[in-house]
2 protein chains.
Amino acid sequence: MSIRIGIFGYGNLGRGVENAIRQNPDMELAAVFTRRDPLSVKLSTPGVKVYPAEAAESMAEKIDVMILCGGSATDLPMQTPRLASLFNVIDSFDTHARIPEHFARVDEAARAGGKLAMISVGWDPGMFSLNRVLAEAIIPEGRTYTFWGRGVSQGHSDAIRRIEGVVDARQYTVPIEEALSSVRNGEMPELTTREKHTRECFVVAEEGADLDRIEEEIVTMPNYFADYDTTVNFITIEELRANHSGIPHGGQVIRSGNTGNGNQHTHVIEYSLKLDSNPEFTASVITAYARAVYRLAKEGNAGCRTVFDIAPSYLSPKSPEELRRSLL
Amino acid sequence: MSIRIGIFGYGNLGRGVENAIRQNPDMELAAVFTRRDPLSVKLSTPGVKVYPAEAAESMAEKIDVMILCGGSATDLPMQTPRLASLFNVIDSFDTHARIPEHFARVDEAARAGGKLAMISVGWDPGMFSLNRVLAEAIIPEGRTYTFWGRGVSQGHSDAIRRIEGVVDARQYTVPIEEALSSVRNGEMPELTTREKHTRECFVVAEEGADLDRIEEEIVTMPNYFADYDTTVNFITIEELRANHSGIPHGGQVIRSGNTGNGNQHTHVIEYSLKLDSNPEFTASVITAYARAVYRLAKEGNAGCRTVFDIAPSYLSPKSPEELRRSLL
């Protein structure tokens, strides 16, 4: 019997999960839930129904794992705890500073309902976090660096769009090559925020807008741009559509440190991602972990988990014997 | 109370474990066991005793985890099952083809004694295996490549040393740059053994030895060299000592594959290691997993495990709350 997956929220991430399910023969898409008019949503999977979000609560028996595909700002803090008492759930909550609070609420709800929940699954938080923990445990005396990009930051693009006179915008986070090289060489440099990444902005302005003012508002924006070297390029809407419609991303977690009697030996551990589509990769990670959620729930576990709590074999459709024989 | 570690076998790996324990404040070296004369072994940790191997069996109460530091050819197949019924144990058994058989024997012994065992811990098998499983689960439609080097292969160096007229030798496994680039670009090439790695040999020959014959014996040696482009450099013993005394290694596990409705997006996942000292890094991995063995045993688990069965949080000295707050 396949694992019956529900998708709650059908944007880029939801569509990514739908595609990922097709690559996992032990899973099937059971239903999609949306806050939009269900009739306006066209799935790419034949025979699957779209329901209004409110209908989810009556369908607990039909879904083994509900994958929440909403945003971290307002959707997931409400939705994940609410659904976690009814379903085994998984989300990609990525507001790092609020993870402990989100974890506590989801954990409480999941335990109350006897369900298994996972939060903050994706690549960062997610695979990058897992690699930070493993690398730090293996090389206790060292430093860990995380670089992002080159890739589109949705949050920074949105921040630019909120400036008066801006029609649309795309922001790329770009790691600084010298910093990356130094870290990869095991030099363990001390790096400021400005020394690690630059920010490149492609902005479509309204006709007649004051471009100097827009540029000034971008580069001085606190939290988002003020601590970085930022370049602003004004382009046409046609150029934006032609050259900046993708959502690529990626980055590296690199730890280097020393071992030996006298710490004379340097080691560098690097985990690197180059992603053509950020939401599709995130969806693929979540879908693999949905298998772990299903199995842990079947074993009788309840409460909230993160990638730190899941043994690798739970992600794979292969049996433990087959994994040891073919991949160890 | 710290985790009391025993080291069974005091060669390069055993010394690496001894150094790694010093970097983990929640561990202490309890005892070292050797088949040599204990008086001939000088530890770098003050106050710790060296015992003959046979003394181990009477010291089960004094050691929480026994780390087996012998070789995979003849030591571990005997030692790990024998000690696994008395101690929680961990080894770095690396004969890939014989892992299922070794696992079965260790599992049986550990269950009989109510102990927890882990086998095949290090970087390959070990961290590379873990990354193969994770990457394959995340991107089901793709290909996984493992490259090794540039680094010293002990097995290949030994094979050269067995040739008549050879005094000493060092063999480097070298990944082929074009193959690596193609894989990193997500091209998913079909690669033969010869297209992935070359082998560089540095050989010290006896005075008057037939160098042409030695070279011919090396490059045509089945399993070890015949399937590779191999270069042989004859050097003096002084050059060997001056330039080839280190044991560096490393490599990459790279998986690339596609996602999307129509598989139009390519993703590349790479896990890469650059190691100044192969045995010290292996020792550091084993020591981190010894913490997991200790905790799993304390929770009442018994039997054999591999890296596939261990959740990342078990490796870290930090609490789950601290991990979620600082590294997720």
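# Two chains, questioned

Colleague: What makes β8-β9-β10-β11 of chain B an open sheet, and is the pairing parallel, antiparallel or mixed?

Modeller: This is a predicted model. In chain B, four strands line up in the order β8-β9-β10-β11, and their pairing is mixed. β8 (151-152) and β11 (229-234) of chain B stand at the edges, each with a single partner strand, so one side of each has no neighbour in the sheet.

Colleague: How do you know that β10 and β11 of chain B pair?

Modeller: Two strands count as paired with at least two bridges between them. Strand β10 (residues 197-205) of chain B and β11(B) share six bridges, in the parallel sense. Within β11(B), B:Asn233 is the bridge partner of B:Phe202.

Colleague: Which strand of chain B pairs with β13 (residues 265-275) of chain A, and in what sense?

Modeller: β13(B) does, in the antiparallel sense, over nine bridges. The cut-off is at least two bridges, so the two strands count as paired. A:Tyr271 has B:Tyr271 in β13(B) as its bridge partner.

Colleague: How many residues does each chain give to the contact?

Modeller: Chain B gives 67 residues and chain A gives 67 residues. The area buried between chain B and chain A is about 6,000 Å². Carbon and sulfur atoms give 61% of that area.

Colleague: How many residue pairs are in polar contact across the interface of chain B and chain A?

Modeller: The rule finds 34 residue pairs, both residues at pLDDT 80 or more. The elements that give two or more residues to the side of chain B that touches chain A include α1 (12-22), α3 (99-113), β12 (249-259) and α10 (278-298) of chain B. The largest share, 11 residues, comes from β13(B). By class, this side of chain B has 29 nonpolar, 24 polar and 14 charged residues.

Colleague: Why is the pair A:Glu136 and B:Lys318 called a salt bridge?

Modeller: The cut-off is a nitrogen of Lys or Arg within 4 Å of a carboxyl oxygen of Asp or Glu. In A:Glu136 and B:Lys318 the closest N and O atoms are 2.9 Å apart, so the pair qualifies. The count between chain B and chain A is two salt bridges.

Colleague: How many salt bridges does the structure hold over all chains?

Modeller: The structure holds 33. One of them joins the side chains of A:Asp26 and A:Arg291, at 2.7 Å from N to O. A:Asp26 lies in the loop between α1 (12-22) and β2 (27-34) of chain A, while A:Arg291 lies in helix α10 (residues 278-298) of chain A, so the pair ties together parts 265 residues apart in sequence.

Colleague: What rotation superposes chain B on chain A, and with what shift along its axis?

Modeller: The rotation is 180°, with 0.0 Å of shift and an RMSD of 0.0 Å. The two copies are thus related as by a two-fold rotation axis.

Colleague: How do you know that the copies meet through the same surface?

Modeller: 100% of the interface residues of chain B are also interface residues in chain A, so the surface is the same on both copies.

Colleague: What kind of peptide bond joins A:Gly149 and A:Arg150, cis or trans?

Modeller: That bond is cis, with omega about -5°. Most peptide bonds are trans. A:Arg150 lies in the loop between β7 (142-148) and β8 (151-152) of chain A. B:Gly149 and B:Arg150 are also joined by a cis peptide bond, with omega about 0°. B:Arg150 is in the loop between β7 (142-148) and β8 of chain B.

Colleague: Is the phi of A:Asn263 positive or negative?

Modeller: A:Asn263 has a positive phi of about 55°, although it is not a glycine. Most residues other than glycine have a negative phi. A:Asn263 lies in the loop between β12 (249-259) and β13 of chain A.

Definitions and conventions. Residues are numbered from 1 along each chain as its sequence is written. Chains are lettered from A and ligands numbered from 1 in the order in which they are written. This is a predicted model: local features need pLDDT of at least 70, side-chain atom pairs count only at pLDDT 80 or more; totals for chains, interfaces and linings use all residues. Side-chain values use heavy atoms; hydrogens and water are left out. Contact means heavy atoms within 4.5 Å. Buried area is the accessible area (1.4 Å probe) that two parts lose on being put together, summed over both. A polar contact is a pair of N or O atoms within 3.5 Å; within protein, one must be able to donate a hydrogen and the other to accept it, and residues adjacent in sequence count only if both atoms are side-chain atoms. Ala, Val, Leu, Ile, Met, Phe, Trp, Tyr, Cys and Pro count as nonpolar, Asp, Glu, Lys and Arg as charged, and the others, Gly among them, as polar. Copies are superposed by least squares on the C-alpha atoms of residues with pLDDT of at least 70 in both.
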